[in-house]
Amino acid sequence: MSRIHPVTLPKWGLEMSEGAIAAWRLEEGAAAAKGVELVDIETEKIVNTLEVDRDGVLRRRLASVGATLPVGALIAILADADVSEAEIDAFIAGYRPVNASFEPGAEVAPPSKQQINSAASSASAAPAVAEAVSADEIKRRNAAAHASPIARRLADQLGVDLSQVTGTGKEGRISQADVEAAAKALGTAPDAALPDPSPLSEPAPAAVPEPLAGPAARRLAREENVDLRDVAPTGEKGRIQKEDVRRAAEARRSGPAEQRSELTPWTPMRRSIADALLRAKQTAPHFYCAMDISLDAASPFIERLNRDNGARVTINDFFVKAAGRALAETPDVNIHVEAEGVRRFSRVDIAIAVAIEGGLVTPVLRDVDGTDIRALAACAAALAKRARARTLTSDDLKGATFTVSNLGMHGVRAFDAIINPPQGAILALGAARREARETPSGIAFGSVLTATMSCDHRAIDGVLAARFLSALKRIAEDPLSLVL
């Protein structure tokens, strides 16, 4: 093997185009045997751990935690212990990102000795950007980079991807000089001098007339640290008086605290959620149907199940199972809405919404109608545990034909969920509550839950939605049918 081995951002799944560094598991200088966990990488839906695929020493970590990089970007260097720092610098300077279509474990051809020698003279230059990245994509990435405004605009102009540039400023801030060095490495800078940065500089502010004030008012303003431009004058011809300065100083002391804000860049998961739900609301004509369902029979049924050995059944497990049975009875709801038409499925695969730190994932329970409710509960608990541990695979998240979302444990009475495309509908469950109702023997209290169905009106009309909810209500209020 080569004495220097590049570690690049892997491609996990056909849809993966970039990933974010979630956590490094090895320190620089640590020995790395094959199979040792190196770094956690967050994709749009999951966090996977990249393992070292050969022995060596972790000589460089080239991406900081939180950095979002394209597939194929160089993120670390493994090398033999006797490889010099200069050789590694030269290797990095001469490295070009691999094709984004590669798969994990694929061999990456290191640069030739000639390339390394050629690059040694420019070892401080930043890694280059993949040619396949579009200008719009580069601008989008640059907008989130930790860089000065001038550096960002210059990078947009020269086609430099700032996610590939290591900043040399305070806390890694990318400067104009960093961009110029990267542009030279990329060959996107003009052969002559780089563009004169002066046109990119902020325009000089327009001259502001000096406020009219006497020496005493000015002295007091200095003592109170009051900007005279913020003082409302009451003197003759707009002259600022000492009393005006005192009022301004008092107003500042008694005013609201200084407004502060902080921008949190999108993580791959949040961006994926945002894109999917925005697309769903913009393209799927939603309508909503709600129905109250009595829990007077379901609650003792669940308690009875939980007295037996086996997995604990929750109210959510109960309604997932009931929804599976209702979908089997109304198969026109168990669908995907596609550009070419409506795709119906013979098996009910239901996604359950699981909130995790930084987002939401929807692992899928297979063959819900054909699975025993206890086995279903055990599978749901295992998927939720793996979701929170970020160990789900892409297969765990694919192929759902329907989704159940539950906010009842947070006290939400009822809510309207957004359809998870290409599914045709989603069921939202609220909290159980006690309500009085009229019975043949008088007023009695019972437990009630509101189930709200969001439907894509292109494929599901109101009557069909009502039939599904009616089936769900009948099954939930007669739960023995779930085990017979």
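A: **Salt bridges and their surroundings**

The accessible surface of the protein chain comes to about 25,700 Å², and carbon and sulfur atoms account for 52% of that surface. The model is a predicted one, and every value below is computed from it. The chain holds 12 helices and 19 strands, and buried residues make up 43% of its 484 residues. Among the contacts between residues at least 6 apart in sequence, 63% join residues at least 24 apart.

Against that background, the structure holds 29 salt bridges. Side chains of opposite charge can pair when their charged atoms come close. Three of these pairs can be followed in turn.

One of them is the salt bridge in which the side chains of aspartate 82 and arginine 3 meet, with an N to O distance of 3.0 Å. Because aspartate 82 lies in the loop between β8 (74–79) and α1 (85–94), while arginine 3 lies in the segment before β1 (4–8), this pair ties together parts that are 79 residues apart in sequence. Aspartate 82 is exposed, with a relative accessible area of 57%, whereas arginine 3 is partly exposed at 35%.

Another salt bridge is formed by aspartate 296 with arginine 437, whose closest N and O atoms are 2.3 Å apart. Aspartate 296 sits in the loop between β9 (286–294) and α9 (298–307) and arginine 437 sits in strand β18 (residues 433–439), so the pair ties together parts that are 141 residues apart in sequence. Both partners are partly exposed, aspartate 296 with a relative accessible area of 35% and arginine 437 with one of 33%.

In a further pair, the side chains of aspartate 308 and arginine 374 meet in a salt bridge with an N to O distance of 3.1 Å. This pair also links distant parts of the chain, since aspartate 308 belongs to the loop between α9 and α10 (315–329) and arginine 374 to helix α11, 66 residues apart. Aspartate 308 counts as partly exposed at 32% relative accessibility, and arginine 374 counts as partly exposed at 24%. Elsewhere, salt bridges that share partners join Arg59, Arg60, Glu85 and Asp89 into one network.

Helix α11, which holds arginine 374, spans residues 373–388, and the loop between this helix and β16 contains arginine 390. Arginine 390 has a positive phi of about 60° although it is not a glycine, and at 19% relative accessibility this arginine counts as buried, because the limit for that term is under 20%. Asparagine 225 likewise has a positive phi, of about 55°, although it is not a glycine. Asparagine 225 is found in the loop between α6 (215–224) and α7 (242–254), and at 62% relative accessibility this residue counts as exposed. Most residues other than glycine have a negative phi, and most peptide bonds are trans.

Threonine 403 counts as buried, at 2% relative accessibility, and its side chain makes a polar contact of 2.6 Å with the side chain of glutamine 423. Beyond its sequence neighbours up to four places away, threonine 403 touches Ile350, Ala351, Asn420, Gln423, Ala425, Ile426 and Leu427. In the loop between β16 and β17 (425–429) is proline 422, and the peptide bond from proline 421 to proline 422 is cis, with omega near 10°.

Cysteine 289 is in no disulfide, the nearest cysteine sulfur being that of cysteine 455, 5.6 Å away. Cysteine 289 is buried, with a relative accessible area of 19%, whereas cysteine 379 is partly exposed, with a relative accessible area of 36%.

Finally, a nonpolar surface patch of about 340 Å² is made by Leu480, Val483 and Leu484. Leucine 484 is placed in the segment after α12 (462–477), and this leucine counts as exposed at 82% relative accessibility.

Key: Residues are numbered from 1 along each chain as its sequence is written. This is a predicted model: local features need pLDDT of at least 70, side-chain atom pairs count only at pLDDT 80 or more; totals for chains, interfaces and linings use all residues. Side-chain values use heavy atoms; hydrogens and water are left out. Patches are made of residues with over 30% relative accessible area and no salt bridge: like charges are joined within 9 Å, nonpolar side chains (Val, Leu, Ile, Met, Phe, Trp, Tyr) within 5 Å. Accessible areas come from the Shrake-Rupley method with a 1.4 Å probe; for residues, only the protein chains shown count as cover. A salt bridge is a side-chain nitrogen of Lys or Arg within 4 Å of a carboxyl oxygen of Asp or Glu. Helices (H or I, at least four residues) and strands (E, at least two) are DSSP runs, numbered from the N terminus. Buried means under 20% relative accessible area, exposed over 50%, partly exposed in between (1.4 Å probe, protein chains only). A polar contact is a pair of N or O atoms within 3.5 Å; within protein, one must be able to donate a hydrogen and the other to accept it, and residues adjacent in sequence count only if both atoms are side-chain atoms. Contact means heavy atoms within 4.5 Å. A disulfide is a pair of cysteine sulfur atoms within 2.5 Å.
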